[in-house]
Each structure stands twice: as C-alpha cells, then as structure tokens.
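This report describes selected features of one protein model, arranged by structural element. The sequence and structure are shown first.

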Amino acid sequence: MTKTPGAPPPTLTSIARSLGLSPATISNVYNHPERVSDDVRERVLATAEAVGYAGPDAAARRFRRGKSETIGVVFTDEMPFALADPASVALLAGLSTTLQEARLNLLLLPTGPPVGASRVSNVMGAVVDGFVFYSVPEGDPHLDAALRRRLPTVVVDEPRDGLTADWVGLDDRAAAAELGQHLAHLGHRKVGVITSRLGRARYNGPADEDRWTQAVYSVQRNRIAGLRDGLGGVPLVVEERFENAVESGAAALQSLRQRHPDLTAICCFGDVLAIGALDAARRQGLSVPGDLTITGFDDIPEAGRVGLTTVSQPLVEKGRIAGEMLLSHALAETPRRRFLPTSLEVRATSGPPRP
C-alpha cells in the first residue's frame, strides 16, 4: 500500500483493510502495543509510515472541534519524583511560565521507572498538542511513540544524538571537564564519582568503565567522561545509584569509602546526591573539605545554603526555552539544538587534599 496523489487521507480502517487485519488490531498497535506481536506491529507501522498515517488522533476522538490546548510533559519516572526533585521542579516552573503565557495547559505523563512494563499507551492516547520529554534513556519507547504521532516534540537533556525532534540541554562533557580541571589544580588524583542510574534495570553498586561508557543515559556518561578529561585521564572509581535521592548519596559515599578509603574527592552528578554524601561524611566524623572534597552538579537552591561546590546550570531557563522551542516548532525546517551555558561555582566543600 502506497500513498496515491489525490487519494483520501489514510485511516485506521484503510490500513486494516490493506493488511487484512481488524481495526481493533491496528488500534492496539498504537494504544496497547503489548497486545500485538512484534511482527504485526512492525508491519502496521511500516505501512502507516509509507502512506503518511500518524495513528489514531486522541484529540479528535475526545474533542471533535479545535485543539486540546494542552502540552504533555513526559518523565521516565514516577510522579513523586517529578514533584520532589528540585531540578525537575525548577524546569517545570520555567516551562509552565512559557505555556501559561501562551494560554496552554500542562499535563504530566510519568511513564514509571525505566524497568518493567512500559506505558506507551499513555503517550499514544494522551490528548495533547505536543510533547516535552525530560531526560529519558536512549531508545526509549515512549519517545519513539510520541515521534510517530508527528506532534511537535522537544527533548530536554537526553537523548541528544540521532533525534528528529528539537533538543535543549548542556554540553555535559565540557561542564564536567571544568570541574575536573578545578580538582586537578587543587591536587586531587584519587577521585570517586556518585552517579544516578546508568541503565534501565534497577542497580545499586560499583560501575566499571564498560558500564558507564555504555550507559543509555548520555548525560551521566558524558559527565563521567568529561570529569576524567579534566583530571588528565586519572582513573575514576564510580558508584551508581538507581534513585536520585539524599539517601542514595549517603549510601553511595559509605560504599565508596569502604572500598577506597584513600579517595580525596568525590564528585556527585546531582546536588541531591551530594547533599546526602555531605551528611554521611559528617556523620562519619570527616571534615569537608579538610578530609574529603565533595562536589555536586545543578546548583539547586539547597546547594548554595550548604556551601556546595557545584556546576551551575540554568534550570528554570531551560524549561522556559523548551516551551519556546515547542511553540515555534512550525517555523523550524530541521531539528534544532540549543546548548545552554554552565558555570563552576566554587564554594566551601572543595579544597586541596591533605598531604
């Protein structure tokens, strides 16, 4: 089945007829993909793409006239994380400001953690006029589903490469390299890393070089690589935690110190993790930075209050720009890339190692 000039637009029924399948099966491919085989799903999607069929229009089903005036924001996590993580809250504040000015609504679409069954139907069935994806892994099925709907889509932070959507984020490798150069200048050569999840499966523990260089979360992968660049290639000891939480940072610091008591600096790729590490270090009677330098990444408000050395990024501005890119989607001829500035904020938690 190919698209013929002047022919009526393809429909769910015409796709079903051309493949000898029922309309219910075609509907399941888009709304309940877990109910159909991989072979059937690939046949349907290939045919739909050939004739320019973007799938059932959820907005048309529920609102027969006009648009939904709603933008879907997709997190690959549960709702409590989206509402509790300071970096996420700041990004949502910036995004909601832009959407409010345009008189658009915001719909949060958490898809659950990246382990277990996906919730692609949440994305396929969402009554929205566009999507903003916040920090999802490479090969995420929810992002693939959104792109198949051919609605305006902006990806924030990750993934960055190979996208057919607009993207806004940081040069994470360069930002982390600046931090590494700061530590090298102070004299640190034995450095540990606490990072949030590198893979989809729930895992807490040491992450060797093979694991972090092959991580499906490009932000964490690039930050670790950049830190090593800035340190001049010094080997890093990496500890991974699935949850980006204060408790995770505390547990990770304890694990690192037990395995490598000679570490003089620990870089946390997230201020929340760093605050947990700071708490754990002080409970162990360690002086920061006298006995141990601890750094973060993001520069959330709490980072300044505790004097955390961290990489600052414009979180609220990032959300605002994501909204502007979404609203100007029709004016862009090719997918756009917007890199935002970062700065190293040197505060009280970093210093030279003891002789």
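His-182 is found in helix α9, which spans residues 172–186. The model is a predicted one. With a relative accessibility of 15%, His-182 counts as buried, because the cut-off for that class is under 20%. Leaving aside residues up to four places away in sequence, His-182 touches Thr-309, Leu-344, Val-346 and Ser-350.

## Packing of α9 against α11

Two packed helices are described by the angle between their axes and the distance between the axes. The axes of α9 and α11 come within 6 Å and cross at roughly 35°. The crossing in which α9 passes α11 is right-handed.

Residues of both helices meet in this contact. On the α9 side they are Asp-172, Arg-173, Ala-176, Ala-177, Leu-179, Gly-180, Gln-181, Leu-183 and Ala-184. On the α11 side they are Val-219, Asn-222, Arg-223, Ala-225, Gly-226, Leu-227, Asp-229 and Gly-230.

Strands of a sheet pair through backbone hydrogen bonds, either parallel or antiparallel. Here, 7 strands form an open sheet with mixed pairing, in the order β7-β8-β6-β9-β10-β11-β13. Its edge strands are β7 (205–207) and β13 (343–345), each of which pairs on one side only. From one strand to the next, the twist averages 25°.

Within this sheet, strand β6 (residues 191–196) runs parallel to strand β9 (residues 265–268), and 4 bridges join the two. Val-191 stands opposite Ala-265 in β9. Helix α11 (residues 218–230) packs on the sheet, where it touches β6, β8 (236–241), β9 and β10 (293–298). The direction of α11 makes about 170° with that of β6.

Which residues of strand β5 (residues 166–170) are buried? The strand is mostly covered, and 5 of its 5 residues are buried.

Strand β5 pairs in the parallel sense with β4 (residues 153–156), over 3 bridges. In this pairing, Val-156 has Val-168 of β5 as its bridge partner. Strand β5 also pairs in the parallel sense with β12 (residues 337–340), over 4 bridges. There, the bridge partner of Leu-170 is Leu-340 in β12.

## Aromatic rings and arginine residues

A search of the whole structure finds 4 aromatic pairs. One of them is formed by Phe-269 and Phe-297, whose ring centres lie 6.1 Å apart. The planes of these two rings stand at 70°, and planes over 60 degrees apart count as edge-to-face, so the pair belongs to that class. Phe-269 lies in the loop between β9 and α13 (271–283), whereas Phe-297 lies in strand β10, so the pair ties together parts that are 28 residues apart in sequence.

Are the two residues of this pair buried or exposed? Phe-269 is buried, with a relative accessible area of 2%. Phe-297 is also buried, with a relative accessible area of 0%.

Arg-223 is placed over the face of Phe-297, at 3.7 Å from the ring centre. Arg-223 is also among the α11 residues that meet α9. Elsewhere, Arg-197 lies over the face of Phe-242, at 4.0 Å from the ring centre.

How values were computed:
Residues numbered from 1 in each chain as written. Predicted model: local features only at pLDDT ≥ 70, side-chain atom pairs only at ≥ 80, totals over all residues. Heavy atoms only, no water. Pairing = 2+ DSSP bridges. Axes fitted to C-alpha atoms, helices over the stretch in contact; angles between N-to-C directions. Contact = heavy atoms within 4.5 Å. Buried < 20%, exposed > 50% of the residue type's maximum accessible area, 1.4 Å probe, protein only. Phe/Tyr/Trp six-rings, centres within 6.5 Å; stacked < 30°, edge-to-face > 60°. Lys NZ or Arg CZ within 6 Å of the ring centre and 35° of its normal. Left-handed = near helix turned anticlockwise from the far one by under 90°.
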